[in-house]
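Subject: Handing over the structure

Dear colleague,

I am passing this structure on to you, and below it you will find some notes on what turned up when I went through it. Please read them with the structure open beside you.

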Amino acid sequence: MEKRVLISRWLGPETHALAIYDEASVSSCRQLVREMGSQLNLTSDLIERVALIASELTHNQLAHAKQGYFAVK
């Protein structure tokens with residue numbers, strides 16, 4: 001079974017997982033965090049802090065695993 005199917009089952013249908021393959025994927029993850037933070041009416045400072053965390057996590061995925069998935073839930 002494909003990894004993405006297993007990840008989707010684990011996260012549930014309401015969660016959108018992004019594939020991490022390159023630097024553009026890292027940028028997409030930061031944008032997803034910003035969009036979700038805005039929907040939740042979080043402060044811009046908190047949103048940017050979480051976007052930085054997302055960036056670090058996804059860079060680590062690229063450096064150590066070469067690819068992966070990222071989701072905001």
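Which element gives the most to the lining of the largest pocket? Helix H3 does, with five residues, where helices (H or I, at least four residues) and strands (E, at least two) are DSSP runs numbered from the N terminus. Before going further, please note that this is a predicted model, in which local features need pLDDT of at least 70 and side-chain atom pairs count only at pLDDT 80 or more, while totals for chains, interfaces and linings use all residues. Residues are numbered from 1 along each chain as its sequence is written, and side-chain values use heavy atoms, with hydrogens and water left out.

The largest pocket holds about 180 Å³ of space. A pocket here is an open set of points on a 1 Å grid over the protein atoms alone, where a 1.4 Å probe fits, with protein on both sides within 12 Å along at least five of seven lines, and lining residues have an atom within 4 Å of a point. Of its 14 lining residues, Val33, Met36, Val50, Val72 and Lys73 are the closest to the centre, and the elements that give two or more residues are helix H2 (23-39), H3 and strand E2 (68-71).

Val50 lies in helix H3, residues 44-65, and counts as partly exposed because its relative accessibility is 36% (buried means under 20% relative accessible area, exposed over 50%, and partly exposed in between, with a 1.4 Å probe and protein chains only).

Two salt bridges are found in a search of the whole structure, a salt bridge being a side-chain nitrogen of Lys or Arg within 4 Å of a carboxyl oxygen of Asp or Glu. In one of them, Glu48 pairs with Arg34, with the closest N and O atoms 2.9 Å apart, and this pair links distant parts of the chain, since Glu48 is in helix H3 and Arg34 in helix H2, 14 residues apart. Glu48 is partly exposed at 39%, and Arg34 is partly exposed at 28%. Asp45 and Arg49 also form a salt bridge, at 3.1 Å from N to O; they are four residues apart in helix H3, which means that about one helical turn separates them.

With regards

Conventions: Points joined across faces, edges and corners; volume = space filled by probe spheres on them.
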